[in-house]
Amino acid sequence: MTVFSAYSDDDILADLKAQVADGAVLTDQATLQKQSFNSNASGGDGSGLARAVVEVQSVADIQGVLKVARKYHLPVIPQTTATSTVIGSDGIAGGLILSTRKMAQILEISKDDSLAVVQPGVVNGDLDQAARKQGLFYAPDPASKPFSSIGGNVSTNAGGMSTVRYGATKDNVLGLKVVLADGRKVTLGGRTLKQAFGYDLTQLFVGAEGTLGIVYEITVKLMPIPLGTSIMGLAFFKDMAQLAQGVTAIRMSGVYPTMLEALDGNTIGALDKYEKTHYADKSGAMLIFRLDGSSDANIQVLKDLLAKYDAQDVQVTADEDEQAQLIQLRRDMLPAVFAGQNHLMEDMALPLSQLAPMMAYIQQVGHDLGVTIYTAGHAGDGNVHPTLVWPKDQPEVPGAVLEALRRIFWKTLELGGTISGEHAVGMMKNQWNQPELDDNVDYLQHQLKTLLDPMNLLNPKRKIN
């Protein structure tokens, strides 16, 4: 079909450059290729090559990009460190990638108010390190903590290993400053720990995946570093179902664990190969646990519960270096599993009572369909990460892998869970809105999108479709 446009590419780019006074408009092929096709998700590479990557450095730059997008009807794809696992920030053909990577200042750390004010490009781990110098810490800790941005974490409502105690990103955001699709600036929430006035629009934008507005400033809670002894350890179980039963008991015991991370036998084997360890010799499932500010009584309750659920070879340490090694072991899980094979990693979340049945079901699906599945996750909050793999020399996702994933998703919904606990929706799961949400809520989601972005310019086809 012939497209007879009123404006040439040169016209559009000239206008864009005139509107971006502080940042940079990049159009070289190497940058466009890298930023358009950067998703960690297998089975898809986004929608196409972007027209330009705009590295904004001010609110005026953001408003300028959106002004150009409205004038020429161009999609805008928000991006920071581009670590999405669900094709949430890949390019769209002819669109504009709006990168806030260089808006990366920690604007304030207030010990008195227990909060920080940051720009979206600030890396999660960098904020945490800066806060710790003042006796505070930033709690959300996704596996991507060393390189993912606060802006991206807000976009996806990222969770992490300590969600069981401190909550996900949404539980740690106090306020946002946002540029809407029409260029208006809005301030949502603020600096208070409580706020009951008006509708809670702050939480509407947390997890919106850049589909409702461009976040340019974020106020987050900081926590005081706990007093007392912090301990970490390992425990080994017969299988993931038994581990899940033990985790549920620990979760309800009153010891308030900071971390309860589960790895199945396949995942332990991959880690052994990657780390040159021998954990897989011990059993079919591993639990990595942590208690912050723990007492001798809490530690004893934990040990008693592990024994009750037949945990073997329980190891406990208060040594900081050994604890750092255990955290790194958990973070190395993904590169260990991904090494040398194609993969699809998912992140369902289940009611705690349904965690054990789900673990058993995933194992059965893999057996029935002949699909290798590595299962791990944040067991303390019911978040399960099954990774389905297939040979590197097969670029297309095998039918058996898709069928296994379909069965796992439907079982998750049947058990009262959600098919996305923390990785968000992107383009990987945007066809599952109706099964997850039902007709009425699905329609309401589209009404909200239309109200705030009537031209459907902000990250179209992501989150909802």
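How many residues of the lining of the second largest pocket are nonpolar, how many polar and how many charged? I took this as the opening entry and worked through the predicted model from there.

**Entry 1: the second largest pocket**

I looked up the composition of the lining and found twelve nonpolar, eight polar and nine charged residues. The space in this second largest pocket comes to about 810 Å³. I then asked which of the 29 lining residues are closest to the centre, and the list reads Asp128, Arg132, Arg290, Gln323 and Ile327. Helix 4 (124-132), strand 12 (229-237), strand 14 (285-294) and helix 11 (320-331) are the elements that each give two or more residues to the lining.

**Entry 2: the chain as a whole**

I counted the secondary structure of the protein chain and recorded 16 helices and 19 strands. The C-alpha trace spans about 70 × 55 × 45 Å along its principal axes. I compared the radius of gyration with the value for a compact globule: a globule of 465 residues would have a value near 23 Å, and the protein chain agrees, because its radius of gyration is 23 Å.

I traced an open sheet of four strands, which follow the order 1-2-4-3 with mixed pairing. Strand 1 (24-26) and strand 3 (76-79) are the edge strands, each pairing on one side only. From one strand to the next, the twist averages 25 degrees.

I next examined strand 1 beside strand 2 (residues 52-55) and noted antiparallel pairing over three bridges. Ala24 stands opposite Glu55 of strand 2.

Which helices pack on this sheet? I noted that helix 2 (residues 29-36) lies across strand 1, strand 2, strand 3 and strand 4 (96-99), and that its angle to strand 2 is about 85 degrees. Helix 3 (residues 59-72) also packs on the sheet, where it touches strand 2, strand 3 and strand 4. The direction of helix 3 makes about 165 degrees with that of strand 4.

**Entry 4**

I checked strand 5 against strand 6 (residues 115-118) and found four bridges in the antiparallel sense. The bridge partner of Ser110 is Leu115 in strand 6.

Definitions and conventions. Residues are numbered from 1 along each chain as its sequence is written. This is a predicted model: local features need pLDDT of at least 70, side-chain atom pairs count only at pLDDT 80 or more; totals for chains, interfaces and linings use all residues. Side-chain values use heavy atoms; hydrogens and water are left out. On a 1 Å grid over the protein atoms alone, a cavity is a set of points where a 1.4 Å probe fits but cannot get out, and a pocket is an open set with protein on both sides within 12 Å along at least five of seven lines; lining residues have an atom within 4 Å of a point. Grid points are joined across faces, edges and corners, and a volume is the space filled by probe spheres set on the points. Ala, Val, Leu, Ile, Met, Phe, Trp, Tyr, Cys and Pro count as nonpolar, Asp, Glu, Lys and Arg as charged, and the others, Gly among them, as polar. Two strands pair if DSSP finds at least two bridges between them. Axes are lines fitted to C-alpha atoms, for helices over the stretch in contact, and angles run from 0 to 180 degrees between N-to-C directions. Contact means heavy atoms within 4.5 Å. The radius of gyration is taken over C-alpha atoms; the globule rule is 2.2 Å times the number of residues to the power 0.38.
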